[in-house]
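Biologist: Please show me the model, and then let me ask what the words used for it rest on.

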Amino acid sequence: MGDLHLQDLLVFSAKMDFHDHFLYKAGHIILQDKASCLPAYLLNPPVGGHVIDACAAPGNKTSHLAAIMKNKGKLFAFDLDTKRLSTMSTLLLRAGVTCHHLANEDFLKVDPLSQAYKDVEHILLDPSCSGSGMVCLHDNSSEEQDHERLKALAAFQLHCLNHALKFPKLKQLIYSTCSIHSQENEDVVSLCLEKNPDFGLVNLLPEWPERGHDPLTQCLRASPTTTFTHGFFVAMLERQHERQTAPNSQSFTHPSSKSHPSVAEDEQTQVSLDKELQPPAAKKRRKNKKS
Ligand SMILES: C[S@@+](CC[C@H](N)C(=O)[O-])C[C@H]1O[C@@H](n2cnc3c(N)ncnc32)[C@H](O)[C@@H]1O
């Protein structure tokens, strides 16, 4: 069954386990929580575009971006963590991704004015966060430790966001976290927009039932109770003079004026099926099946 909100996402019963399935083992499908599929889906970069995945490892969103770009163009992916990058390299190889340029580099040190990035129009920024939206994570830290940690994370996230907006040709950027804390979500985006008046928010998926905290209702939130996913946050920033609308969104209509159908798929697993990036053997099998 296709997903109610995201095209290309297949929905299965929670009892279906793909971990031992040959399609998963061979890299033909990527398993991801539905909320984690939102960033690449909403950024929707063009085929052949130049795109940055700023904090990319272990590469789930990078592979999704590559599928949307039909493996054409340039997908620059940065991460600081060598171990996660090595996992990412295997994941991308198995998925048949070839349009990527992996770099073990601090995104904050990447020069936005470098010739290499002069045509970058889309950026996905999914930086380190508290992970407070991950249902499986238990946190035993004290309130004071939490407070200090959140403050440091939010400062880092804001730094990354401000840095990303310095790429001269940038049109649209997706900022996402798997955190439920407004300090890492709406607060970071608000502070960034104050500093960057050339950018505004795109009203994402008006039919999505859970919105960013007021007044940032153009952004999306996700949760186990409302969207049956992990806790998640997504914002799209767009350069104002572009006056263009994200293909999977509507521009600047207030979400409260729309009806929000409830998410019906309780306890379901979503699988993003990557049609374009299947290794040649799988493509051949599909062709043979048709004839
Ligand atoms: C939330 S994870 C990214 C998950 C990834 N987008 C995915 O979907 O598979 C955040 C990543 O940011 C990386 N990171 C942290 N600081 C960074 C920096 N300054 N530059 C680049 N990557 C960084 C971490 O190593 C981590 O892998």
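**What the terms rest on**

Modeller: Helix α3 (residues 60-68) is largely enclosed by the rest of the structure, because nine of its nine residues are buried. This is a predicted model: local features need pLDDT of at least 70, side-chain atom pairs count only at pLDDT 80 or more, and totals for chains, interfaces and linings use all residues. Residues are numbered from 1 along each chain as its sequence is written.

Biologist: What makes a residue buried, exposed or partly exposed?

Modeller: A residue is buried if 20 or more other C-beta atoms lie within 10 Å of its own, exposed if 12 or fewer, and partly exposed in between; C-beta atoms are placed from the backbone. Among the buried residues of α3 are N60, K61, H64 and I68.

Biologist: What does C178 touch?

Modeller: Not counting residues up to four places away in sequence, C178 touches C129, G131, G133, M134, H230, G231 and F232. Two residues are in contact if their C-beta atoms, placed from the backbone, lie within 7 Å. C178 sits in the loop between β7 and α6 (186-195).

Biologist: How do you know what counts as a helix or a strand?

Modeller: Helices (H or I, at least four residues) and strands (E, at least two) are DSSP runs, numbered from the N terminus. The protein has seven helices and eleven strands.

Biologist: Why is strand β7 called largely enclosed?

Modeller: Six of the six residues of β7 (residues 172-177) are buried, so the strand is largely enclosed by the rest of the structure. Q172, I174 and S176 cover one side, and L173, Y175 and T177 the other; all are buried. In a regular strand the side chains alternate between the two faces of the sheet.

Biologist: What makes two strands a pair?

Modeller: Two strands pair if DSSP finds at least two bridges between them. Strand β6 (residues 120-125) and β7 have four bridges, in the parallel sense. β7 and strand β10 (residues 232-239) have six, in the antiparallel sense.

Biologist: What makes a set of residues a nonpolar core?

Modeller: A nonpolar core is a set of buried Ala, Val, Leu, Ile, Met, Phe, Trp, Tyr and Cys residues joined through C-beta atoms within 7 Å. The largest one here has 68 residues, of which A54, I123, L125 and V234 touch the most other members. Helix α2 (residues 34-43) gives the largest share of this core, seven residues. A54 touches, among others, F78, F107, I123 and C160, not counting residues up to four places away in sequence.

Biologist: Why is N44 called partly exposed?

Modeller: N44 has 18 C-beta neighbours inside 10 Å, so N44 counts as partly exposed. N44 also has a positive phi of about 45 degrees although it is not a glycine. N44 is found in the loop between α2 and β3.

Biologist: Which class does F228 fall into, and why?

Modeller: F228 is partly exposed, because 19 other C-beta atoms lie within 10 Å. F228 lies in the loop between β9 and β10.
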